[in-house]
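Here's a quick briefing to read alongside the model.

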Amino acid sequence: MTTAARAEDICASPPPQLVTMSGAINRALRDAMTADPDVVVFGEDVGTLGGVFRVTDGISRDFGQDRCFDTPLAEAGIVGFAVGMAMAGFRPVIEMQFDAFAYPAFEQIASHVAKMRNRTAGRINLPIVIRIPFAGGIGGVEHHCDSSEAYYAHTPGLKVVTPATVEDSYSLLREAINDPDPVVFMEPKRLYWSKGSIESVLAATKFASFGRAAVRREGTDVTLVAYGPSVEVALQAALAAEESGWSVEVVDLRTLVPLDDETMVASVRKTGRCVVVQEAQGFAGVGAEIAARVQERAFHSLHAPVLRVAGLDIPYPPPKLEHLHLPDVERVLDAIARLQWDDDTDTRFLPSDSKGGAT
Amino acid sequence: MNDYRYPRGGYGAGELGVRPVAALSVSFLTQAFVWMFLGLLLSAYIAFLVQNNTYAISTPLSKQSAAPSLGYKGIGYGIASEQVDGNDAMAVLAVLNKAVAHARSGQGPVLVEAHTYRLDAHTNADDASRYRDSAEVEDWLRRDPIPRLETWLRHKGLIDDAFVASVADQGEAFAADVRKRMAVDLAVDPMSLFDNVFATPTPQLLEQRAMLEAELEAEEASR
């Protein structure tokens with residue numbers, strides 16, 4: 001392509017219109033409701049108010065109270081109601097107002113939503129999407145900032161989707177609503193105001209497929225595996241790592257269930273090093289699963305143990321302290337620095353009396 | 001394959017009378033109130049029938065609620081509520097007819113609490129003598145709904161000895177058939193474990209499926 005032709009292209013096409021992630025999700029809900037009269041949206045404050053994050057802004061007004069409505073503050077009831085509607089042939093898209101608000105509904109989700117297909121030997125499937133604004137980073141309080149993905153990912157029968165980009169939030173939500181099985185759709189609330197273009201996915205004939213991770217940035221020395229709110233942290237860390245001479249690849253998992261082993265393992269085979277970044281508390285979390293799977297599948301390609309950078313194992317802290325809890329660029333860089341670049345033994349976990357190379 | 005879904009748009013008014021109302025057990029009821037809550041909000045055409053059999057395994061209603069009866073609970077939600085002697089079949093029929101008419105008329109859900117008793121232990125692993133005395137059971141045995149219904153129908157001249165004997169025969173034959181069919185050891189396909197987790201199995205499930213298949217083949221080969 002000549003320089004002139006490229007300049008002409010740029011002049012001819014208008015700049016892409018940017019939308020926020022909350023706007024993209026709103027658009028996805030509207031488009032799905034227009035495409036399929038069975039799609040209904042309900043939850044706490046999603047109707048008249050348009051949701052506490054305005055994700056459902058104007059939908060009740062434009063589609064009517066029968067398609068988008070407010071419910072009582074009873075999450076188990078919201079999910080149970082969705083089960084009944086799905087059994088009657090609807091495709092409910094329900095909102096749990098905040099991550100931790102979903103816990104009263106956990107019995108419905110784990111025991112009924114996740115198991116109905118299996119319980120009925122495939123006769124009844126539940127095409128339900130449970131939207132959950134999750135994770136922190138917005139100065140919210142305890143009960144409003146949980147990273148609850150591991151509970152759902154641990155439950156057979158649930159798909160778990162964690163978009164990290166505006167484009168994915170549209171495309172993956174459309175795919176989730178089309179899916180014949182229940183999907184827990186986890187929206188990183190700190191990215192609600194991030195901006196991007198959804199024009200290409202609006203024009204596409206197919207939505208993003210589940211179980212297909214995306215390499216967000218190519219690199220040769222280290223693979224950072226991240227999802228949801230942590231993808232942005234990983235990308236910033238990758239940029240900062242360049243200054244130290246590390247070429248960092250960033251894999252965005254996009255969906256935790258199904259998980260794309262192939263893409264992340266191929267990346268680690270290439271780079272030989274892996275750090276998992278997750279905002280959730282690290283103990284028994286999704287990052288632990290990823291670290292285990294990477295070493296099971298790429299052990300002979302690894303130059304160093306797979307490390308995790310995760311939130312602290314504490315209840316979500318007050319706003320003034322959340323920056324100490326959340327994995328940030330510095331912590332990711334520290335982890336990268338520990339990946340045995342000079343073949344030095346990592347003495348961090350050795351008993352204190354054997355440190356210092358004593359023979 | 002049968003269609004197990006509810007009919008689209010719910011049941012028609014003509015069908016409503018022959019469909020079961022939502023039947024809830026006592027132990028289920030505390031949790032069920034969120035549905036009642038939604039049912040009221042949406043003016044659903046629902047008649048709730050609470051079969052209060054007095055015990056949740058060993059826990060009597062008095063340990064579960066300070067309310068004198070579960071019928072009171074619906075009142076708090078603004079739901080029309082009624083109590084009935086659950087061992088009096090004709091009384092249950094009369095009250096439910098009224099309840100279904102109420103629900104059908106669009107006046108919102110209705111709750112009927114039918115007082116009854118679990119005569120046997122909760123399961124064959126349960127020992128009911130640990131938490132209730134035989135005098136209580138004897139008292140309820142005298143109120144057994146089946147002889148009561150029989151007495152009422154005989155008194156009305158609606159049934160005779162021959163009819164009662166034929167119902168007993170049919171019941172016995174049905175039970176014998178159920179026992180016979182339950183004793184059949186059906187062949188189950190181990191691979192079916194993976195069939196209905198998702199419409200399309202995840203790559204992880206396919207790996208586990210292959211693992212199990214290899215294990216079973218190895219087991220078969222070593223026989």
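Chain B comes with 8 helices and 6 strands, where helices (H or I, at least four residues) and strands (E, at least two) are DSSP runs numbered from the N terminus. Keep in mind that this is a predicted model, in which local features need pLDDT of at least 70, side-chain atom pairs count only at pLDDT 80 or more, and totals for chains, interfaces and linings use all residues. Residues are numbered from 1 along each chain as its sequence is written, while chains are lettered from A and ligands numbered from 1 in the order in which they are written.

**Chain B overall**
- Reading from the N terminus, the elements of chain B go α-β-α-β-β-β-α-β-α-β-α-α-α-α.
- Of the 223 residues in chain B, 18% are buried (20 or more other C-beta atoms within 10 Å of the residue's own, with C-beta atoms placed from the backbone).
- Take the chain B contacts (C-beta atoms, placed from the backbone, within 7 Å) with a separation of 6 or more: 69% of them join residues 24 or more positions apart.

**Domains of chain A**
- Chain A is split into domain 1 (19–203) and domain 2 (214–337), with bounds that come from an automatic or database domain assignment.
- Taken over C-alpha atoms, the centres of the two domains of chain A sit 26 Å apart.
- Across the boundary, 25 residues of domain 1 of chain A are in contact with 24 residues of domain 2 of chain A.
- On the domain 1 side, α7 (149–153), β6 (159–161), α8 and β7 (183–188) of chain A each supply at least two of the touching residues.
- That side of domain 1 has 14 nonpolar, 5 polar and 6 charged residues (Ala, Val, Leu, Ile, Met, Phe, Trp, Tyr, Cys and Pro count as nonpolar, Asp, Glu, Lys and Arg as charged, and the others, Gly among them, as polar).

**Helix pair α2(A) and α8(A)**
- The axes of α2 (residues 21–35) and α8 (residues 166–178) of chain A come within 8 Å and cross at roughly 25°; axes are lines fitted to C-alpha atoms, for helices over the stretch in contact, and angles run from 0 to 180 degrees between N-to-C directions.
- So α2(A) is roughly parallel to α8(A), a label for angles under 35 degrees.
- Residues that meet here include Met21(A), Ala24(A) and Ile25(A) from α2(A), and Val166(A), Tyr170(A) and Leu173(A) from α8(A).
- The contact of α2(A) with α8(A) has 9 nonpolar, 1 polar and 3 charged residues.

**Helix pair α11(A) and α12(A)**
- Helices α11 (residues 261–271) and α12 (residues 286–298) of chain A pack at about 60°, with axes 10 Å apart.
- The contact of α11(A) with α12(A) counts 5 nonpolar, no polar and 4 charged residues.

Technical notes
A residue is buried if 20 or more other C-beta atoms lie within 10 Å of its own, exposed if 12 or fewer, and partly exposed in between; C-beta atoms are placed from the backbone. Two residues are in contact if their C-beta atoms, placed from the backbone, lie within 7 Å. Angles under 35 degrees count as roughly parallel, over 145 as roughly antiparallel, 65 to 115 as roughly perpendicular and the rest as oblique.
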